[in-house]
Amino acid sequence: MMTLRKAAEIACLAAYFASGTAAMARNQEDTTMVLSASGRQLASDRSIGTIEPVFEFHDAMPTGVSVAPDGRIFINFPRWGDDVPFTVGEIRDGKVVPYPDARTNIFDPARPGETLGSVQSVVVDAAGRLWILDTAAPGFSPPVAGGAKLVAVDLATNMVVKTFVLPSSTVLPTTYINDVRFDLRRGKAGVAFITDSSISGPGGIIVVDLDSGESWRRLTGHKSTSPDPAFIPVVEGERLAVREKGKPPASFNVAADGIAISADGATLYYCPLSSRHLYSVPTALLVDRSASEAALAEAVIDLGEKGASDGLEADDKGRIYAGDYERNSIRQRQGDGEWRTIAHDPRILWPDTLSVASDGYLYFTANQLHRQAQFHEGQDQRVKPYTLFRVRIDAGPVLLK
């Protein structure tokens, strides 16, 4: 029997979605109802697809999102300057609560491998675990020694079951570990692939053996994991650059960021944030430590332009998804390589992390990253709330187990 509280929660959620749909409809109407001074209708930008608001964030800015098969939604908040009381959370009963608990989210410099410093990504795997990627680099500082790590939480018990602290041979002083994908079929316990999206050093792909915890770097400093030197991003009509008063604008150069793994696990897709190109490489070569860097570099494929992306994702139908932060869009790569825009909306202000869920939706955060103070001479131009959206794709996540 449904309780009054549960009925109220469902009613509130329905009203929230209804208001979002109504707002979307008004936005679409506005694109065809702009009038000139003479009262004539003028053409304007059109929206594409239907995005649904799922949750609003009125405090710290989120980056990562992951949705478990049972519908649980996990979020992370890197410590980039906002007041971040906890860096990983779960959306429960209309609010975000610390996950797996409040104590783990309080960073202790004396126990950097056991507490969370600044989490950039969270990903649910095929074995019912939430993996937490801790940069241990608040404010993009050099990683705290012994703090950069990959942590697994069993979703059935909400307990930490594995922790792999990444060594200095893998996490360089300039490293910023960004996002991660899994193939649990390889080796004894599977492997993880992590992007290094450094803003001051070489980018690369980090491979982690989920049995031994051993890790190694691949494609360090390769063109495909590095910022494009000719890339000039334009977001909301302005060049995106680091701007300080009294100084000329400085390029915002970010290495390998977005990452996705194909439905058959044979191919890893990735992209620098400061680029419009999508790259791929065989996963078999990444995990084969006897394969030379020359052989690996030779196997990299430039798949052409997709737009400028932060997050990437894949579905179980063989399609790839990319945010397009210059065009307020989400794009889908078809099996034949053709890109299709599935969502274009003025509310998609910097689509960050993408997550395909078992309910047939692609979830993504829109966090206004480009409006941060560092890009506007110290003036924070972000407007709360930040939003978690979803768009229907009629496909499920890639689960390799």
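In this predicted model, the structure holds 12 aromatic pairs. One of them joins phenylalanine 77 and phenylalanine 86 edge-to-face, with 6.1 Å centre to centre and 85° between the planes. Both phenylalanine 77 and phenylalanine 86 are buried. Ring pairs also link these residues into a cluster that comprises Phe55, Phe57, Phe77 and Phe86. Elsewhere, a ring meets a charge: the charged end of arginine 390 sits over the ring of tyrosine 361, at 3.7 Å from its centre.

Three cavities of 30 Å³ or more are present in the structure.

Strands E4 (65-67), E8 (119-124), E12 (177-183), E24 (312-314) and E28 (351-356) each give two or more residues to the lining of the largest cavity. Among these, E28 supplies the largest share, four residues.

A hairpin is formed by E14 and E15, with five residues between the two strands. Glycine 213, in the turn, has a positive phi of about 85°. Strand E14 (residues 204-209) runs antiparallel to E15 and is joined to it by four bridges; valine 208 has serine 215 of E15 as its bridge partner. Strand E15 (residues 215-218) is covered on both faces: Ser215 and Arg217 are buried on one side, and Trp216 and Arg218 are buried on the other.

Definitions and conventions
Residues numbered from 1 in each chain as written. Predicted model: local features only at pLDDT ≥ 70, side-chain atom pairs only at ≥ 80, totals over all residues. Heavy atoms only, no water. Buried < 20%, exposed > 50% of the residue type's maximum accessible area, 1.4 Å probe, protein only. Pairing = 2+ DSSP bridges. Phe/Tyr/Trp six-rings, centres within 6.5 Å; stacked < 30°, edge-to-face > 60°. Lys NZ or Arg CZ within 6 Å of the ring centre and 35° of its normal. 1 Å grid on protein atoms, 1.4 Å probe; cavity = no way out; pocket = protein on both sides within 12 Å on 5 of 7 lines; lining within 4 Å. Points joined across faces, edges and corners; volume = space filled by probe spheres on them.
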